[in-house]
Amino acid sequence: FFSANENATMKLFRLLALAAAVLPSPVAGSVSEATIDSSGNVITNDDTIDKTIRQNEELSTHVTNQSPFRSDIYWDDGEYGTLISTLDPEESASLNTYLGHQFFVTRHGVKEGLFVDEERLVFKVGQRNQQFYIPQNAAPSTKLCQDRFSVCKDYSKNGGCQSSPGWMIVHCCESCDEALNASELIDPKKRCSKENLNTPEPVWKAGDLNKLFESWATNETLKDEFGLEVVSSPEPEKYQATWEKASEGAPWVVVFNNFLTDSEVADLIRGGEIEGFERSTDQGNINEVGEMEKVVSKTRTSSNAWCMHSCERLPGVRSATKKIEEVTGIPYVNYESFQLLNYEKNQFYRSHHDSSSTDTTPAGHRILTFFLYLSDVEEGGETYFNKLDLAVKPKKGKALVWPSVRDDNPTYWDARMFHEAKDVIKGKKMAANHWIHMNDYHTPNDWGCTGSFT
């Protein structure tokens, strides 16, 4: 971010440029007070540069959202933006900034820019106490194939279209049109077709779920090495299920009591710190290009992070994933990245299912959840299967595994597997999980067919 020859004062100046003081205030004025110039700027006064302003003078600008969209305000950092503020409709904020800085506006949760008369909404700072408006008629562009960022052409020249096709098609469509026919593949129905993705055969057919769990239940090596324990099974007596309420036909629930080593636990926790924990979100609506909105969860108060990049390269993270591959026999291409979880006191995740009744997406159902406890919890924090009345207590190094689909038809969910994370009453709960899919997950994710464009 900083050049090698910048002095300390300049570095401080550029750091301060990222800071934003978000001050809720009443909405002032109306759309009629705002005008739009040829660059798409919404202004209430002359946008010429005030030459009396020093380069290092901190300025305050005011932004009012009069549009029907919850909107994100990004500082244009020359790449793909730094999120500064989120405004609900009829909400305002004051932003600390500097002369010459520029901000752009997107619909909340995605990088889909807001436009006025097909001109992108951009705020350019040139005066003291500027007033900017997101007007009532601001909306996503009707033109789906466009470059959202100024760096798109550079990314394309450096091979980005080939290395990250999904992200580039959605965010840098114009720059990747020649290389990928992006103007056609911006349509997720075409981009995410089985033909385009070359989707392989599913890893499970009818009967394969039971075969896997039965092989575990009869494997003495797994019992000795990892402390395998059958908690529930369709034949509880045969497989010595330890849950006292287990009955004939019950679903499989298995724990490996000492699955992780201390170094694997440490690296998974470190990975979360590297990636940065944020308030957990739920999946929202999907737009025309296949982006899934992130919405703040009302049933989930934990923080989470996704183990990618530097996190995935940590030795303990790699060995934990390899161990799961060896135990399940399912290749890593079917896995979502580790989700890393942090539950503080009184935090929870209410009843939910890890899959849906049917799933026709390219990656298919989440067929298995491989859940890893990274800490002991003094009180609370159990994983509780609501319809089974079964609770599993957290224990550092323990793995809890359950299927989300049926053995007789793994293309359909097992509705008995709703579960929740009980409130942490005393202590702290750290955990991680791999969701394992029926089909290759990595290829659809690379092509922007999972809703995620991280």
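Cys172 counts as buried because its relative accessibility is 0% (buried means under 20% relative accessible area, exposed over 50%, and partly exposed in between, with a 1.4 Å probe and protein chains only). The model is predicted, so to speak of a local feature takes pLDDT of at least 70 and a side-chain atom pair counts only at pLDDT 80 or more, while totals for chains, interfaces and linings use all residues. Residues are numbered from 1 along each chain as its sequence is written, and side-chain values use heavy atoms, with hydrogens and water left out.

Cys172 has a partner: a disulfide (a pair of cysteine sulfur atoms within 2.5 Å) joins Cys152 to Cys172, with 2.1 Å from S to S. The link is left-handed, with -70 degrees about the S-S bond. Cys152 sits in helix α2 and Cys172 in the loop between α4 and α5, 20 residues apart (helices, H or I of at least four residues, and strands, E of at least two, are DSSP runs numbered from the N terminus). Cys152 is also buried, at 0% relative accessibility.

A disulfide also joins Cys145 to Cys173, at 2.0 Å from S to S. The torsion about this S-S bond is about -100 degrees, so the disulfide is left-handed. Cys145 lies in the loop between β12 (139-140) and α2 (152-157) and Cys173 in the loop between α4 (165-171) and α5 (177-180), so the pair ties together parts 28 residues apart in sequence. Both Cys145 and Cys173 are buried.

Then there is Cys192, bonded to Cys449 at 2.1 Å from S to S. This pair links parts of the chain that are 257 residues apart. In total the count comes to five disulfides, and the pattern is 1-5, 2-4, 3-6, 7-10, 8-9, with bonded cysteines counted along the chain.

Now for the sheet. Four strands form an open sheet in the order β5-β4-β7-β10, with antiparallel pairing (two strands pair if DSSP finds at least two bridges between them). β5 (82-87) and β10 (122-124) are at the edges with a single partner strand each, so one side of each has no neighbour in the sheet. Five bridges join β4 (residues 71-75) to β5, and Ile73 stands opposite Ser85 in β5.
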